[in-house]
Amino acid sequence: MRSVLLDLGGVLETGCWPGVAEVWAPRLGITTEQMLAAVFGGSDETVLVGRMSEDDWWQQHVRRRLSISRTTLGRLRADIAARWSWDEQLLGYVARLGSRMRTAIVSNAWPHTRARLAADGVADLFDEVVLSCEAGVAKPDRRIFELALGRLGAEPGRTLFIDDTPGHVAAARTGPHRFPARPRPRSMPSSPPRELHAGHWYRMGRYSGKNRQPDPHVA
Ligand SMILES: [Mg+2]
């Protein structure tokens with residue numbers, strides 16, 4: 001194994017949603033489903049793939065849908081930022097990989113993510129950071145995997161892909177540049193390191209693992 005692609009929401013980042021909705025929906029007198037729909041409805045085709053700025057999304061869509069003031073919106077966004085939390089154990093594992101493996105984050109993410117990764121010192125741990133809002137394409141579209149593999153100079157057959165969304169894992173296993181199923185080399189361990197059991201893991205055409213609650217904000 002020479003390279004590893006890691007998801008952000010639900011794998012490296014473990015906070016935010018749906019916790020935010022569970023706190024804020026009662027405050028706003030709506031259900032958590034309505035809250036999530038107000039924040040994320042239509043975002044996959046706009047802010048997630050860089051077709052709209054994040055500020056415009058919040059101000060023009062979310063604030064109107066929720067009928068809240070700019071001040072309340074500011075508090076909501078600050079609360080989301082405060083709830084962001086890292087899987088420190090997994091980050092520690094990535095840091096210890098050093099130069100033995102090429103590493104990349106591959107995330108369906110909104111534009112604020114780049115600044116957050118830099119501010120928290122996480123971006124420096126990875127060789128590449130591929131975000132859907134910058135790439136213009138999001139998982140499960142295979143082009144985002146191919147972009148990451150290309151930047152790393154990585155071969156699919158020697159790359160581990162870790163994601164908590166089964167559909168994204170399935171997408172990585174299909175197409176002309178799929179992560180192919182091959183016999184496992186003798187030097188490879190039979191299971192991934194303990195730290196990598198965060199969500200679904202994929203290697204050499206197989207995946208398994210537990211499915212955490214998906215985080216629609218950073219998937
Ligand atoms: Mg995820």
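A: In this predicted model, helix α1 and helix α4 cross in a right-handed sense. Their axes come within 10 Å, and the crossing angle is roughly 150°; α4 spans residues 70-83. An angle over 145° counts as roughly antiparallel, and α1 and α4 are therefore roughly antiparallel to each other. On the α1 side, the contact is made by G19, V20 and W24, which meet L76, D79, I80 and R83 of α4. By class, the residues of this contact comprise 4 nonpolar, 1 polar and 2 charged.

Helix α1, residues 19-28, also packs against helix α2, residues 32-40. Here the axes lie 8 Å apart, at an angle of about 100°. That angle makes α1 roughly perpendicular to α2. From α1, the residues A21, E22, W24, A25 and L28 take part, and from α2 they meet T32, Q34, M35 and L36. This contact divides into 6 nonpolar residues, 2 polar and 1 charged.

As to confidence, the protein chain has an average pLDDT of 82, and 79% of its residues score at least 70. Elsewhere in the chain, residues 180-217 keep a pLDDT under 50. For that stretch the model has 74 contacts beyond four places in sequence.

Notes. Residues numbered from 1 in each chain as written. Predicted model: local features only at pLDDT ≥ 70, side-chain atom pairs only at ≥ 80, totals over all residues. Axes fitted to C-alpha atoms, helices over the stretch in contact; angles between N-to-C directions. Helix = DSSP H or I, 4+ residues; strand = E, 2+ residues; numbered from the N terminus. Parallel < 35°, antiparallel > 145°, perpendicular 65-115°, else oblique. Contact = placed C-beta atoms within 7 Å. Nonpolar A, V, L, I, M, F, W, Y, C, P; charged D, E, K, R; others polar. pLDDT = per-residue confidence, 0-100. Left-handed = near helix turned anticlockwise from the far one by under 90°.
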